[in-house]
Amino acid sequence: QETIKIGILHSLSGTMAISETTLKDVMLMLIEEQNKKGGVLGKKLQPVVVDPASNWPLFAEKARELLTKEKVAATFGCWTSVSRKSVLPVFEEANGILFYPVQYEGEESSKNVFYTGAAPNQQAIPAVDYLMNEEGVQRWVLAGTDYVYPRTTNKILEAYLKSKGVAQEDILINYTPFGHSDWQTIVSEIKKFGSSGKKTAVVSTINGDANVPFYKELGNQGVKATDIPVVAFSVGEEELAGLDTKPLVGHLAAWNYFMSVDNDANKAFIEQWQAFIKNDKRVTNDPMEAHYIGFNMWVKAVEKAGTTEPDAVIDALIGVSVPNLTGGYSTMMPNHHITKPVLIGEIKEDGQFDTVFETPGLLVANEWSPYLEGSKDLIADWRKPLSCGNFNVKTGKCGGGAKASQ
Amino acid sequence: MTSTRLIDFKGYVFLAVLVAAVVIVPGLNLLLPADNPFHIPSYLVPLLGKYLTYALLALAVDLVWGYCGILSLGHGAFFALGGYAIGMHLMREIGPRGVYANPELPDFMVFLNLKELPVWWWGFDFFPYAALMVLLVPGALAFVFGWFAFRSRVTGVYLSIITQALTFALLLAFFRNDMIMGGNNGLTDFKDIFGIPLQTQGMRASLFALSALALGLGYLLCRYIVTSNFGKVLVAVRDQESRTRFLGYKVENYKLVVWVISAMMAGVAGALYVPQVGIINPGEFSPANSIEAVIWVAVGGRGTLVGAALGAVLVNFAKTWLTGAFPELWLFALGGLFVVVTLFLPKGIMGLIGSMDSVKAWTTRRRAVAKPAE
Amino acid sequence: MTLLRILLCLVALAGVARAAEPQAIFDRLASTKYDDIEAGVGDLATSGLPAAADALSAALDGRLLVAPGKPALFKTPMGTTIDVATNAPAAAGADAGLKPVRVNNRIRRAVATAIGTLTLMSPDARARLRAAESVFRGRDPETLPALDKALAAEKDERVLAAMRRAKAAITLTTDAPEADKVAAVGLVAERGDQDGLVLLRGLSETAPAAVKSAAASAIQAIETRQAMLARVQDVAYGVSLGSVLLLAAVGLAITFGVMGVINMAHGEMVMLGAYTTYLVQDLLRTFAPGLMEGSLAIAVPAAFLVAGAVGVAIERLVIRHLYGRPLETLLATFGISLMLQQAVRSIFGPSNREVSTPDWLSGSLDLFGLTLTWNRVAIVLFALAVFFALQLVLKKTTLGLQVRAVTQNRRMASSMGIRTDRIDALTFGLGSGVAGMAGVALSQIDNVSPNLGQGYIIDSFMVVVFGGVGNLWGTLVGALTIGVANKLLEPFAGAVLGKIILLVMIILFIQKRPRGLFALKGRFVDA
Amino acid sequence: MDQKISPELLYLNDVSVVFDGFRALNSLSLTIGEKEMRAIIGPNGAGKTTMMDVITGKTRPTVGTALFDGGVHDLTRLDEATIAGLGIGRKFQTPTVIENHDVETNVELALKADKGPFAKLFSRRTPQVQERIDEILERVRLKNARHRRAGDLSHGQKQWLEIGMLLAQEPKLLLVDEPAAGMTDAETADTAVLLREIAETRSVVVVEHDMIFVRDLDVKVTVLHEGSVLAEGSLDHVSSNERVIEVYLGR
Amino acid sequence: MSALTVTDLDLYYGAAQALKKVSLTAALGKVTCVLGRNGVGKTSLMRAVAGVRPIKAGSITLNGETIDRLAPHERARRGVAFVPQGREIFPLLTVKENIETGFAPLKRKDRTVPSEIFDLFPVLKSMLGRRGGDLSGGQQQQLAIGRALTMRPKLLILDEPTEGIQPSIIKDIGRAINLLRSRGDMAILLVEQYVEFAHELADEIAVMERGEIVLHGPKSEISEEELRRRVAV
Ligand SMILES: Nc1ncnc2c1ncn2[C@@H]1O[C@H](COP(=O)(O)OP(=O)(O)OP(=O)(O)O)[C@@H](O)[C@H]1O
Ligand SMILES: Nc1ncnc2c1ncn2[C@@H]1O[C@H](COP(=O)(O)OP(=O)(O)OP(=O)(O)O)[C@@H](O)[C@H]1O
Ligand SMILES: NC(N)=O
Ligand SMILES: [Mg+2]
Ligand SMILES: [Mg+2]
């Protein structure tokens, strides 16, 4: 019997294995499940797993291998933005389909990529709004790992905060390298900044490995959520699983999904996951949900198009709507991003999140930020006849030649 | 002992293989239809090309390590600088086709709110200038670094560790967005070179051929160096540095010359690498990459040149294959390979091949030594 | 005048208390809006209900159960259910349909302040101290009557001082007479910390001249003190970072520094130590939860044995074939490092493992305004202990002498009757074991993941080489120097640029001292 | 510039070398003339090797002057390679040769020539060079070992190779530290002959403990003791000195 | 009876044969002296006996026990002490520590430094704290001998022990060897180039040529003249 190959492009070794291995597993689970249902278009799905080993050029190489050698119908992969940037030209050249499941900085829309993670407006801005309104925060520490996702997010936030009347001296921006492990100085700086009398919060875009020592230091230096809450955009259940969460109760995270969300679909997903991974302590998290949504969208689009032929599937994907795990439906928009609810949660002692706020409806992604000079006039719309990822509404032109449809 | 002929038997084999590769790889790729069993798929061409650039980097490492005893744990820095130089050119080549359609500034600069091109980006739109920088930037860095280090007689592990510090410092520096070199993302999304899209099969084949040519020339240059009297001094420096000084050799000058040449070779390798893989970012500066380059040399056989190149290709081939075939176990296989090579092939893979020579040598030596000093 | 105001306040207070009937308060608490809940908390605090304090602390843990229109109950830690209104046990099943009060940070804060006021008279001196502190922070004039009452009753000197300062803080926000305010400025300034500074800086423009000038000089004094403290703190943090580096590097100072093995698998030995800690805690949690507090004391020798045993195995199987070929140890140990990482990843999974910090290591030590977290203080002491123990072994025991003899001339050492293979295995095991112990310490401040070792390997080599290969003292001084330099640079240059500057400084330093800080001198060095 | 200010080839004055408080050389003064051969003897640890270290730039004196070529060059400011380039060659006490090169190449590397990197980069072994190498190997009786790895030679063979390398350098001043150690009596005598030949055109400083050898040399002898000169003169003269007998020759 | 018996030893360096069917004995209380020109295999023979170089064929027995497959440290435990050509001092250990490495094969209670070492080489006593590598060549040679004597050997192997040593101490070493011989509890195997010295001390003499023993017998049978001829160029 003929099969349809699905590429799984997540690091299984190196620094990113910590986050990405789970996504590989969840994909294997989804594929297995789909096969139990009879596959797609009557064909079984066959996962093709490769290890790009947290090495960015290797991502490109492996992507090429998946597309040209394995001829996969779709690929689910990448975590860091740089890995996505590295494979992007490959997917465009070979006209492949990539589902990218992680929140990112935006400022991109490719014909061949479907962004199932949050754009900045689907995560950061609501979080800041919550802190401003609910906690009365007036002073802000924007702490991040020094790369493009935190930088962009912070830039957008800075512009946003200023538009809300926050003064420059009430914003402290701090960047650290990947894997930063000695947080003594920075945490004590945060404490100092936060004891000016004005209510202060930390918006953390600290990524990956650096989070554990950061939170450990916060806990030990006695920075309590009631004094200086920290809201993080890259810390989820999986990261907390490696931490003693007692001292962290009340610190926040903003995501589009929490494992603690109480509904039947999520319960079923968690059960399925724990059964698949044979460990009833394993947690679920937001990027896993993103893959869940992305995969179901792909299945639906393929069935709609009746083929796995990329152009047909790419066209069919727009407008596809599937249930997400927070009780609603997410839709693939013409800008290749999906609609998402935003949840704000406080860390509980058991490492789960207590949802303290939820946006009333789903948000559409601003792939091009209205707060940034270069992109405020850009939009993406991959429907014909526009078919452009960076259409300038002022000039009426599609920006990058290569991004336009051929 | 190294043979004194410019091209020895191994050299002929090596060069012949390279020439064959230049003809066969693009030929089988371009001329044969895709369903022909001998067809080389397009994705393999840049992959093989990448191996060749790694092989050139390995040659550069072997030249300083194998022949002069300088264990560089920072050669990746020169490789990356060469790559960045060409990457900057490729960025400028994009012109107004970037997503922000700025004719002057690459996307990431628009994104950083830059209004004009930083000074150090000037001139990179002009290919000959960029090409010159591919040699000059790594060369100049190597010169300055080497000038101080060799004069101060920093040797052995001390030198190794400061080369590592060098590449680590550069990693962090290029990582900073304030460097205006693309930060963590580096430079990517290249379109074309000389107006020819990078993705065309012809371009790929040309880059492959160019890499093979560079590797061949690099090999000949290294051979020329190590078979000249200069090379003999290098070996003397490697084994008995202090004694060599007493013979009247300014060791620091020898080291500096070979160090700079090696850095430039690494720069060229990086420059050929970038258009074939399509991205250059600070990760290339990571100390682990430099250590890996040393590992290739050790696997192939230190101080054999051909072995270095062979090691680079084999290890990387193994990596490509294993990460695809055994994504969850490949580290065991690769790690095990390294251990096995050290234990059973003390002179690397070339030692294995070389043992055929030693059979010959054995018979002759036996006759010679049967009667010790007269 | 003051008296009058206090009286007024008391009346107002009583008024509030009277105004809010318990059921109205409970309904507020049962709201889904945080504004309502916060108001409800305030009301409950001033309601005069005897169970108010207990109910409030129950709210923090989700034990305060409410529903609109129903009596509020709370569960005691023992599990009994109490009616808030009556402070008597509730009927069985009364909690049906009740839900915990929603809390977020804001509610938690409100509860803390409320409890603070309610506990000013607590019999526990520490609780009173905490209460005084929370009143100081809250600076709520409404708490003044309660505070005054507490002040009158207070005997404990420390608590008394804290309460006076709290009162002073409140005084500054009211329109008390000038003399009172000047005195208050003095009291607040006594604290000498950031909180005091904030308060003084925040004095309104309209404050009387005398108050302002008193505040100005107080601010000046505090700022000077704070600036000095900042430098001291940088150095203290530097020492702490340095001791982490020392711990990470000291094992390498043996396997690499003494034995000459370019040990790329050193980081993995550290990692194995950290995983051993995880395993020890995991086992204790299931089999002897009572010993959890002592888990680290068990983990240290366990990690030494595990990593040491792995080290011995590596030495016997691989390294021993490579003596005299030091550069090839790089290749082999690099391979071993890859395999160990993958092995741990396969066994324990790729994600972080949770290693908990025992209570005696949690929190921080406050030294004249200097915050030193206990775990870091412990690491400094542990690092020094390990260092001196090793120094003793290498310098004072036969083993130490034989180790050095073997590494300097293996063949001759054998001729002298030294069992070189045993010494090699023991030495490599010792270095690895020490690395394992470092892993126990690092598990307290860093990720316990398969990549743990990779994060320390470069720094470790840097420290050993900077200090001077083959000299343990060099490793000590090197680690502390790098740590302190790093922390002194960080406030000015930021973490990234600071590190770059530090690396460049190391490169330049090696030019000056090509054989490290504690260079070996003598004719044999390059003979 | 190259104005000779004194007739001596080597001029050491008041040279002291202190290691952690220990005076290895103690106000040593010594001059060697052109084409002079001098034997230096003295107890173990007297400072003979240290003196050579000072002359060749290996050790910097704590105080003192070391001038070469009639005072033109200040040896205390030059590095080893420059000093070697000026024409000071040295044979080490423990033979040190380039172990991984063959015997021939060891000699070739030592040959007097432009030793700059670029000169070496563009040069290969010419027939003339080969001839010169053969000549030297002939003299040190290593012709049959010419293709052997220098590291594989026996102790005595290495000694000879080092002497060969010294010859190849054609220095103005040869410093020879214990050339006879590990040689048979006959070889020792032969070495003496060789050194006497050399001294006809160059200056030679020889350190030896073998009195028969020193006698064969038949030159002025300087006795060092505790870092300074104890006695000087003919061998007969110094060996009748009570102090020399006491600290060095023994009874 | 002989303490050491070497029979039909073959030794190779790679493909090159350095010893060919070498046989030799050394008896307790006797000095057996091996002479020969440069490169004939004297050092190779000593290395074979000490165990630092494996042999291809032949056997070595010490007091009746076959030791030729034992590691050097096992031989040291059975009483073999080796003063190698080239001294091989531990450069970073102090003089005192260098001497103390000789304790390794001894029982704990025997771990003292024999006083005769300092009588013989007073300079060592004054330099106990100096690192071995800093010593002068002759001082190192003295240290190497002292270090070997610390092991209280039954077989003492001395490979050119007088090399680089000042005349007065050579005489002392001669006296010391005589003393050790007269104690009668030790066999001494001595390699020398210095014929006069060798002839004076030796009880037995062996002359090597090209990896073979060409002359072997008691001193009384070999005149100094003949010896000189044998080792001449
Ligand atoms: N780096 C050093 N540190 C301490 N002492 C040293 C150092 N170098 C040399 N010495 C001491 O200086 C003295 C002179 O040594 P030197 O090697 O010059 O003696 P020598 O005359 O050559 O002796 P020999 O005849 O034994 O070769 C010796 O006592 C030696 O121990
Ligand atoms: N490590 C080695 N590798 C290869 N050949 C060697 C090695 N050591 C010695 N030889 C060779 O073996 C032969 C015997 O050497 P050996 O050192 O035993 O001579 P020797 O009699 O001690 O000479 P000398 O009087 O010069 O010390 C010589 O030809 C020598 O070149
Ligand atoms: N897109 C991110 N989180 O790198
Ligand atoms: Mg000497
Ligand atoms: Mg010998």
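In which order do the three strands of the open sheet in chain A stand? They are arranged S15-S16-S17 (chain A), with antiparallel pairing. Strands and helices here are DSSP runs, numbered from the N terminus, of at least two residues (E) for a strand and at least four (H or I) for a helix. Two strands count as paired if DSSP finds at least two bridges between them.

This is a predicted model, in which local features need pLDDT of at least 70 and side-chain atom pairs count only at pLDDT 80 or more, while totals for chains, interfaces and linings use all residues. Residues are numbered from 1 along each chain as its sequence is written, chains are lettered from A and ligands numbered from 1 in the order in which they are written, and side-chain values use heavy atoms, without hydrogens and water.

**Stop 1: chain A, two sets of strands**

Select S15 (378–381), S16 (388–392) and S17 (397–398) of chain A. S15(A) and S17(A) stand at the edges with a single partner strand each, so one side of each has no neighbour in the sheet. S15(A) and S16(A) run antiparallel and are joined by three bridges. To find this pairing in the viewer, display A:Ile379, which stands opposite A:Phe391 in S16(A).

Next, select residues 139–145 of chain A, which form strand S6. Seven of its seven residues are buried, so S6(A) is largely enclosed by the rest of the structure. Buried means under 20% relative accessible area, exposed means over 50%, and partly exposed lies in between (1.4 Å probe, protein chains only). With side chains shown, A:Arg139, A:Val141, A:Ala143 and A:Thr145 point one way, whereas A:Trp140, A:Leu142 and A:Gly144 point the other way.

Within S8(A), A:Thr200 stands opposite A:Arg139. A:Ile173 in S7(A) is the bridge partner of A:Leu142. From S6(A), the chain passes through helix H5 (residues 148–163) of chain A to reach S7(A), a right-handed β-α-β crossover. Right-handed means that, with the strands pointing away from the viewer, the path from the first strand over the helix to the second runs clockwise.

**Stop 2: chain E, a magnesium ion**

Select ligand 5, a magnesium ion coordinated by E:Thr43 (OG1) and E:Gln85 (OE1) at 1.8 to 2.1 Å. E:Thr43 belongs to helix H1 (residues 42–50) of chain E and E:Gln85 to the loop between strand S6 (80–83) and helix H3 (95–100) of chain E, so the pair ties together parts that are 42 residues apart in sequence. Donors are N, O and S atoms within 2.8 Å of the metal (3.2 Å for Na, K and Ca), and the site may look incomplete because water is not among the atoms. Both E:Thr43 and E:Gln85 are buried.

**Stop 3: chain C**

Colour chain C by domain: domain 1 covers 2–209 and domain 2 covers 230–512, bounds that come from an automatic or database domain assignment. Taken over C-alpha atoms, the two domain centres are 49 Å apart.

Select the five-stranded open antiparallel sheet, ordered S4-S3-S2-S1-S5 (chain C). Its edge strands are S4 (88–89) and S5 (99–100) of chain C, each pairing on one side only. S5(C) pairs with S1 (residues 64–66) of chain C in the antiparallel sense over two bridges, and C:Lys99 in S5(C) is the bridge partner of C:Val66.

Now select C:Lys181, in helix H9 (residues 178–191) of chain C. Its relative accessibility is 10%, so C:Lys181 counts as buried. Leaving aside residues up to four places away in sequence, C:Lys181 has contacts (heavy atoms within 4.5 Å) that include C:Asp175 and C:Val211.

Move on to S6 (residues 364–367) and S7 (residues 370–373) of chain C, antiparallel strands joined by four bridges. C:Asp366 has C:Thr371 in S7(C) as its bridge partner. Two residues lie between the strands of this hairpin, where C:Phe368 takes a positive phi near 50 degrees.

**Stop 4: chain B, annotated spans**

Finish with chain B, where the UniProt annotation "transmembrane region" (unreviewed entry) covers several spans, including residues 12–34 and 256–274. UniProt positions follow the numbering used here, feature names are shortened, and annotations may be inferred rather than shown by experiment. Residues 12–34 of chain B are 83% helix and 0% strand, with end C-alpha atoms 32 Å apart. Residues 256–274 of chain B are 100% helix and 0% strand, and their end C-alpha atoms are 27 Å apart.
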